[in-house]
Every structure is written in structure tokens, then in C-alpha cells.
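Trainee: I have a structure to go through and I am new to this. Can we take it step by step?
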Amino acid sequence: MRRLHKIVLILVLSVSVMGLKSYANEPAKEGAAAEEVDVKGLILEHLADSYEWHITKVGETDIAVPLPVILHGSTGWHVFMSSAFHGGHEHEGFSIAHEGKYKGKIVEKDAAGNEVRPLDISITKNAASLMFSSALLILIIMFVTRSYKKGVFESKKGFVGFMEMFIMNINDDVIKPCIGKDYRKFAPYLLTVFFFIFLNNLMGLIPIFPGGANVTGNIAITFVLAMCTFVIVQIFGTKEYWKEVFWPDVPLWLKVPIPIMPAIELVGVFTKPFALMIRLFANILAGHSIVLGLTCLVFVTVKLGVTMNTSMSVVSVLFSVFINLVELLVAYIQAYVFTMLSAVFIGLARVEPHHSNKEHK
Amino acid sequence: MSLLLPETGLLFWMLLSFGIVAFILVKFGFPVIINMVESRKTYIDESLLIAKQAYIEMDKVKAAGEAIVDNARREQVQILNEATQTRDLLIKDAKDRAQSEGQKMIDEARKQILIEKEDAIRDIRRQVAELSVDIAERVLREKLEKKGEQMDMINRLLDEINISKS
């Protein structure tokens, strides 16, 4: 443990000293010409998706992984690498908008000269990261599964043992109590959701390629996840569930002339997955923003002089480490919460008629 | 605001990736693990139950064994007791028999002694008789050397006999 402390301390100090070296000299060189650091732009740029996977900038050259762009515009299908846009070039009539409604997105000019969005299913940074972690997840789980296929009852050791503990913990402590007796049918889906979110959250915390993309902090991702839960809830909803939505057990005047309660219940049906979607999205987005904001502290304080910059760099790195650890926790908690709430919603949709419940009691 | 609008491309890829992941893992991944772990759990539970039963069974066997040993010990004691009794009885019997046999022999000896004594007495009597006859003979011979005396004697004896006859 002490050695670990030492290593972390050395790392923190060396990183902050490196930051000091490279950036403390810059204001001296560029003097008053030093640009104002656009923190908001920087953070938003990271949080948003992009057509290439930017890794770093060495000198004046960007080091980025080009990703395939797939478009269907007015001239049919177009497939090319995103490196074609490098330096703001136009390619096959398409370009990346620098401002306006479609800022940062690929647009083409229509006959009237207006910018319009083609059908864009490019494999963006998020999509690539998503595919990478999906493949990784399949690999991990299938690796674990393979050691169970031998059909020998033995206690697993090492990674498989850890994964077994992890999986059975979610299965027994989250899914089972939340859904109830027929949890078996839904456990594989919910476990998939849990590990999908957890892995993507973790990948998002790794700052270098192939991690660092804001995948679970993207609303498209959380939207699909929430949609899946929504669809499952509606498909497996029992008669009693639909009865509780459209004809709830409330005084008659609340539902007959004006269906107040049914309306509220119906809204509730949609707010549940909506809450799922927003919760995950907002939490991960916020985490990424905080880490980025703290990192930007180094660059923002450059103007304030060497002393201030140095001390703030140290503070920034320390805080980043702290927030990253918190984010590690959040990565788990959000996956946990999403799974648990999905399980609760499924459990609510699997209600049994009340009178039979009373009989049991 | 663009952060809050889901992108078509990403939606498509997410749907595809998550669909594939979910399909593979729901079909081939998690159920295998869960089933295996749960069947292992039931296997362990059953094994524990069986072990418990075996333990109980063993206890029973042990108790039965102890009962058998107890029984044997009791029987041993009983047999020993019986043996002692039999021995005592035998000894007593033998003693009794020996005593009675001895008594009988003593009685027999006594009887023999009595018979022999009587024999001896008879013998002595006979000898005494013979002796007295002999002596009487001699005495008579000496006395009857003279003829008158012989006749006196005979007469007297005849008288005596006649007197005793009448």
C-alpha cells in the first residue's frame, strides 16, 4: 500500500512538472498573443461526437485515427475515410460545417446553396468506441462462458471467478429481488445491459485511445438502452399491468368523465424509460465535463504567472485523480442503477392480480 | 443543445452493436453461466444434505454398534455369573457325592468290621469250645482211669440228663 502511495505521488508530481515545463514557457514565447483558452468549446468538443478519433497533437500535426464516413446524400451512397476532410477540405460535395445549426457535422449544399444533412451513418468516434467495447464485452463474457461449458462443477479461480462473483452478485442482489419469481427470463438481458454500460463507462474513463470516448454520455446510446427496457416492459406487461394503466384502482370520478388517472399513468409509462435515459446520460456527461474542466485548469491559469500555474497544476492533477476515482465509482453505480431500475420496471409490469396476492398472504 | 439530440448514425450503430451484443450474450453467454452456477449450487446443497444424512446414518450405526457392544458385555457378565454358579454347583455336587460315597464306604467298612468281628468272636468261641472239650476230655480221662468212678460218672450224667429231660 505504501509503495502504491509513493508511485501515485511520483506520477502526480511528474505529470504536473511536465505540464509546467511545456506550458510555463509558452506565454514567454508568445507573450500577449497567447490565445484565450476556450474551455467551453474544448469541453463541448470532447463531449460531442467527431468523425475522426483525435489522439493528440504533436507540434502542428494532428495525430488522429481516421474513421470511415458513410453517407447517403443527393448523389447516392458515399463511403470514404474521414481523413479526406483534413484541413477543412471538401470531399465529394460534402464538408464539415464549421458553424450554424449543423456545426461539426457533415453537410452538403443543396441546389439553393443551403446546407443540408445527408443521411449520415458514419462510424464516428463514439460508434467506433462502442463497437470496440461491444467486441470486448462479447470476448470477455464468452471467455468466461467457455470455462463453464466443460460441465464440471468446480470453483472458478482468477478472472473467471471474479466475473462469476460479479455476475451472480448482480443476478442475485439486483435482478432477483427487483423482478420477483420469473426473474430468470429477464436476467440475461439485464446482465447484458449492466456489463454493457459498465464497460462503456470504464472505457470512457481511460483517457487514451481506444478509450476516452463519451459513449454512455451520449444520448443516442442511452436512448437505445432505455428503449430496449421500454419495449421489454410493454411486451411482457401482464393484463393487470395494463389494467392499472388504463383503469387504475381509484375512485370512479378520477377516470370516467375526464380520464385523469389513466392519463397520469400513461405519462408514467413513458417517463420511466425517459428517466433511465436522462440519468445515465447526464451522469456520465457530467463526469467527463468535470474531469475536462479540471484538466483545463492547467491551461487557463497559464496567464496568471508561473507560480500560480504551477500550484494550480498540482491542484488540478490531484483533483483529476480524485474525480477519476469518483467516476470509477459512478461508472459502477450508474450501470447498477440502470439495471436495478430496469429490473424494477419489469417487475412492476409483471404484477399479478391483487386478489390472488391476498390469497397468498 | 446538440448534445440532447440523438444522432441518426450513432443510433443506428448503437442499435446494431447493442443488438448483436445482447443477442450473443442473452443466447450463449449469461444463461450458461447462471445455469452452471445455479446447478453447482444445487449440487453443493444436495451434497451437503447427503453428507448430513450420512452423518446421521453413521451416528445411528455407531449407536447400534454401541448397543451391540453393551449387549455383549451384559451377556458376558451373565455368562460369567452362570459359569460361576455352575462351578459352585458342580463343586458342591462333587463334594456331596464324595461325602455320601465316603459315608457309604465307611458304613460298608463298619459292616465288614462288624461281620469280621462276629466271625472272629465265633472263631474264638469255637476255639474256646474245642479247648474246653479238650480240657474236659483230659480231665475226664484222668478221672475215669478207675472203673468205679467211670460208672459213677456215667450214672450221674444219666441222672442229670434224665432230670433235665423230665
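Mentor: Start with a rule: two strands pair if DSSP finds at least two bridges between them. Helices (H or I, at least four residues) and strands (E, at least two) are DSSP runs, numbered from the N terminus. This is a predicted model, where local features need pLDDT of at least 70, side-chain atom pairs count only at pLDDT 80 or more, and totals for chains, interfaces and linings use all residues. Residues are numbered from 1 along each chain as its sequence is written, chains are lettered from A and ligands numbered from 1 in the order in which they are written, and side-chain values use heavy atoms, leaving out hydrogens and water.

Trainee: Which residue stands opposite V116(A) in strand 7 of chain A?
Mentor: That is E108(A). Strand 6 (residues 106-109) of chain A runs antiparallel to strand 7 of chain A, and 2 bridges join them.

Trainee: And what is the strand order in the open sheet?
Mentor: The order is 5-6-7 in chain A, with antiparallel pairing.

Trainee: New topic. How are the rings of F195(A) and F30(B) arranged?
Mentor: Rings of Phe, Tyr and Trp (its six-membered ring) pair if their centres lie within 6.5 Å; planes under 30 degrees apart count as stacked, over 60 as edge-to-face and the rest as tilted. F195(A) and F30(B) are stacked, at 5.8 Å centre to centre with 20° between the planes. This pair crosses between chains, from helix 5 of chain A to helix 1 (residues 8-143) of chain B.

Trainee: Why is the pair F196(A) and F18(B) edge-to-face?
Mentor: Because the planes of F196(A) and F18(B) are at 75°, with ring centres 4.9 Å apart.
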